[in-house]
Amino acid sequence: MKLKAIISSAVSAAVLLAAIPQMQSSAVNSAMRDMTTMEIVTDMGIGINLGNTFESCGDWIDQWGDGTPNAYETAWGSPTVTEAMIQGYADAGFGVLRVPVAWSNMMADDGSYTIHADYLARVTQVVDWALDADLYVIINLHWDGGWLEELPTDYDACMKKYTAIWTQVSAAFRDYGDYLMFESQNEELGWSSVWNQWGGTTGKEEAYGYANAVNQAFVDVVRASGGNNAQRHLLISGYNTDITLTCDPLFRMPEDPAGRCALSVHYYTPAGFALLTQDESWGKATPTWGTDADYDELNYYMDMLDARYSAQGIPVIIGEFGCPKENKEEASVRRFLTAVCEAALSRGGICPVLWDTTDLHYDRTAYRMTDSVLNEQLLAIRDQYVPQDVCGDVTGDGVFSVADVVAVQKYLVCDGDLNDWKQADLREDGQLDGFDLCMMKQLLIA
């Protein structure tokens with residue numbers, strides 16, 4: 001129930017400011033709602049990535065930058081992130097912002113793997129802005145220079161660094177509510193040095209064992225950190241986030257005492273359209289998408305994902321999907337992006353998150369989508385498949401009216417029942433009380 005934006009205007013009235021204690025930022029000290037991970041993922045709708053920003057990394061940044069978080073944040077072309085930029089994602093209709101992060105950018109090299117306080121603070125600031133804009137947020141451990149590639153030959157050191165990172169991140173966000181989700185890794189849980197997926201089965205079981213071990217360590221660290229992390233919804237990276245490889249029986253979801261895990265995969269198929277802007281030695285670029293064969297291929301993979309996971313009660317987030325626009329037909333770009341969204345949302349329990357970099361699909365200085373037609377098409381798909389809660393509608397008639405206020409009043413004096421009391425939990429603190437009733441009355445006259 002995404003109500004923060006509505007509530008913020010309602011509580012500005014003086015009468016409510018006098019009657020209700022000062023509300024804290026939505027980011028911290030937020031209650032974990034009584035929602036399953038499937039409900040959370042469904043509520044996200046369609047998402048977008050803050051790509052090529054906090055995951056920017058490279059020795060040249062260390063050498064030529066000024067040593068501040070902003071040097072990394074802007075190294076791959078992004079302007080400095082602003083609160084207005086983040087609000088623009090919400091205004092465009094996205095429900096979740098994925099924030100890829102390279103945590104090693106500013107980290108102690110003494111073996112403690114201590115993340116610099118300034119870097120953690122900057123990521124936290126952007127996360128707070130997104131949460132205050134009523135967005136869900138996913139933060140992960142991205143490619144980060146590729147150090148995890150060494151895990152098969154330096155297992156103990158890699159796992160020490162991995163768990164040290166998630167121990168610090170978990171501690172920093174332990175009191176945040178369930179609008180914040182952690183993702184175990186990006187695409188790096190796969191090791192071609194151990195198993196060549198194109199060349200037989202030698203080493204396959206070992207390679208999957210490493211992926212499963214990393215994901216289990218992630219869950220164990222987060223759950224042990226306490227606070228809201230004991231119940232936080234977690235996103236588990238598939239094997240190389242490849243759909244086919246992740247649907248292999250050797251890949252296992254980690255054991256989780258909270259039972260609150262979703263699966264993360266990516267979708268860039270066919271590569272000739274979704275990745276290549278020009279021909280390469282390994283593939284030919286294609287400018288168009290939308291044949292019957294293209295749709296059949298998309299539905300094949302989505303059916304595979306649905307059968308193995310979402311239909312079995314394990315929600316899925318397609319953490320990245322997308323395509324470049326260079327050397328691509330505009331209509332095909334729209335057709336591909338909307339088709340992936342509809343294929344995901346129509347199956348239920350699958351949330352698509354658009355991969356975006358500076359000014360590709362979202363203009364980071366004008367704070368709007370670069371293609372208004374695409375934006376409208378995405379919103380239409382979202383509205384068709386994602387349930388849209390009506391603020392305060394406890395009677396379940398699809399509208400908010402005085403009848404809902406009366407029903408809540410009766411409920412609070414034990415003189416009636418409600419179809420869904422959570423719709424009236426405007427403070428999102430997991431309970432219905434007189435403060436919520438006051439806010440409902442204000443919304444009624446606003």
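This is a predicted model: local features need pLDDT of at least 70, side-chain atom pairs count only at pLDDT 80 or more; totals for chains, interfaces and linings use all residues.
## Strand 5 and its partners

Let's start with the pairing. Strand 5 covers residues 234-237 and runs parallel to strand 6 (residues 261-267), with four bridges joining them. Strand 5 also pairs in the parallel sense with strand 4 (residues 180-183), this time over two bridges. Leucine 235 turns up here as well, as the bridge partner of glutamate 183.

As for the faces of strand 5, both are covered. Leu234 and Ile236 sit on one side, Leu235 and Ser237 on the other, and all of them are buried.

## A closer look at serine 237

Serine 237 belongs to strand 5 and has a relative accessible area of 0%, so it counts as buried. Its side chain gets to the backbone oxygen of glutamine 185 at 2.6 Å.

Setting aside neighbours within four places in sequence, serine 237 touches Glu183, Ser184, Gln185, Asn186, Leu189, Asn215, Phe251 and Ser264. Gln185 in that list is the residue whose backbone oxygen the serine side chain reaches.

Take cysteine 351, which is in no disulfide: the nearest cysteine sulfur belongs to cysteine 341 and is 8.7 Å away, whereas the cut-off for a disulfide is within 2.5 Å.

Cysteine 351 is buried, at a relative accessible area of 1%. Cysteine 438, on the other hand, is partly exposed, with 32%.

Terms used
Residues are numbered from 1 along each chain as its sequence is written. Side-chain values use heavy atoms; hydrogens and water are left out. Buried means under 20% relative accessible area, exposed over 50%, partly exposed in between (1.4 Å probe, protein chains only). A polar contact is a pair of N or O atoms within 3.5 Å; within protein, one must be able to donate a hydrogen and the other to accept it, and residues adjacent in sequence count only if both atoms are side-chain atoms. Contact means heavy atoms within 4.5 Å. Two strands pair if DSSP finds at least two bridges between them.
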